[in-house]
Amino acid sequence: MIYVVATLTVKPETRAEFIAAATACIAETRKEAGNIAYDLHESVTDPAKMVFVEQWESAEALVPHRGAEHMKTFGRVAVKCMTAPPKIEIITPEKVDVR
């Protein structure tokens, strides 16, 4: 089992657009084989910070997820909304990989 924690910083004026696109993406991602949990959290201290917390059965389950059409659609919106590249942490029993 692995976890993915993705922290994104969005422009205040695009926050609603980002959340709408994320909500659609989350609904589709939860249907994917190997997905255990996929949630979006908003920071209580910084409204620009959005944090995805994902749980997957295996690293292999992430491969089709990255290329899924709903991820591409979300990515096109997210890239317009973010103020910086996302911070991605992939957590396995062996290590934490930060990208």
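This is a predicted model: local features need pLDDT of at least 70, side-chain atom pairs count only at pLDDT 80 or more; totals for chains, interfaces and linings use all residues.

Colleague: At what angle do α2 and α3 pack?

Modeller: About 55 degrees, and their axes are 5 Å apart. Helix α2 covers residues 59-67 and helix α3 covers residues 69-81.

Colleague: Why are they called oblique?

Modeller: Angles under 35 degrees would count as roughly parallel and 65 to 115 as roughly perpendicular. The angle here is about 55 degrees, so α2 and α3 are oblique to each other.

Colleague: Which residues meet there?

Modeller: From α2 they are His 65, Arg 66 and Gly 67, and from α3 they are Glu 69, His 70, Met 71 and Lys 72. By class, that contact of α2 with α3 has three charged, three polar and one nonpolar residue.

Colleague: Take His 65 in α2. Is His 65 buried or exposed?

Modeller: His 65 counts as buried, because its relative accessibility is 3% and the cut-off is under 20%.

Colleague: What does the His 65 side chain make a polar contact with?

Modeller: The side chain of Glu 32, at 2.8 Å. Leaving out residues up to four places away in sequence, His 65 touches Thr 29, Glu 32, Tyr 38, Glu 54, Trp 56, His 70 and Met 71.

Colleague: And His 70, buried or exposed?

Modeller: His 70, in helix α3, is at 18% relative accessibility and therefore counts as buried. The side chain of His 70 makes a polar contact of 3.2 Å with the side chain of Thr 29.

Colleague: What else does His 70 touch?

Modeller: With residues up to four places away in sequence set aside, the list is Cys 25, Glu 28, Thr 29, Glu 32 and His 65. Thr 29 and Glu 32 are also on the list for His 65.

Colleague: Switching to rings. How many aromatic pairs are there?

Modeller: The structure holds five. One of them is Tyr 38 with Trp 56, where the ring centres are 6.4 Å apart and the planes are at 85 degrees, so the pair is edge-to-face.

Colleague: Where do those two sit?

Modeller: Tyr 38 is in strand β2 (residues 35-42) and Trp 56 is in strand β3 (residues 49-56), so the pair ties together parts that are 18 residues apart in sequence. Tyr 38 is buried, at a relative accessible area of 3%, and Trp 56 is buried too, at 0%. Both are also among the residues that His 65 touches.

Colleague: Which residues do ring pairs link into a cluster?

Modeller: Phe 18, Tyr 38, Phe 52, Trp 56 and Phe 74.

Colleague: Back to β2 for Asp 39. What does its side chain make a polar contact with?

Modeller: The side chain of Arg 30, at 2.6 Å. Asp 39 is at 28% relative accessibility, so Asp 39 counts as partly exposed. Apart from neighbours within four places in sequence, Asp 39 is in contact with Arg 30, Val 51, Phe 52 and Val 53.

Colleague: How many Å apart are Asp 39 and Gln 55?

Modeller: C-alpha to C-alpha, 9.1 Å in space, and they are 16 residues apart in sequence.

Colleague: Last one, Ala 59 in α2. How far apart are Ala 59 and Ala 20?

Modeller: They are 27 Å apart in space, C-alpha to C-alpha, and 39 residues apart in sequence. Ala 59 has a relative accessible area of 41%, so Ala 59 is partly exposed.

Conventions. Residues are numbered from 1 along each chain as its sequence is written. Side-chain values use heavy atoms; hydrogens and water are left out. Axes are lines fitted to C-alpha atoms, for helices over the stretch in contact, and angles run from 0 to 180 degrees between N-to-C directions. Helices (H or I, at least four residues) and strands (E, at least two) are DSSP runs, numbered from the N terminus. Angles under 35 degrees count as roughly parallel, over 145 as roughly antiparallel, 65 to 115 as roughly perpendicular and the rest as oblique. Contact means heavy atoms within 4.5 Å. Ala, Val, Leu, Ile, Met, Phe, Trp, Tyr, Cys and Pro count as nonpolar, Asp, Glu, Lys and Arg as charged, and the others, Gly among them, as polar. Buried means under 20% relative accessible area, exposed over 50%, partly exposed in between (1.4 Å probe, protein chains only). A polar contact is a pair of N or O atoms within 3.5 Å; within protein, one must be able to donate a hydrogen and the other to accept it, and residues adjacent in sequence count only if both atoms are side-chain atoms. Rings of Phe, Tyr and Trp (its six-membered ring) pair if their centres lie within 6.5 Å; planes under 30 degrees apart count as stacked, over 60 as edge-to-face and the rest as tilted.
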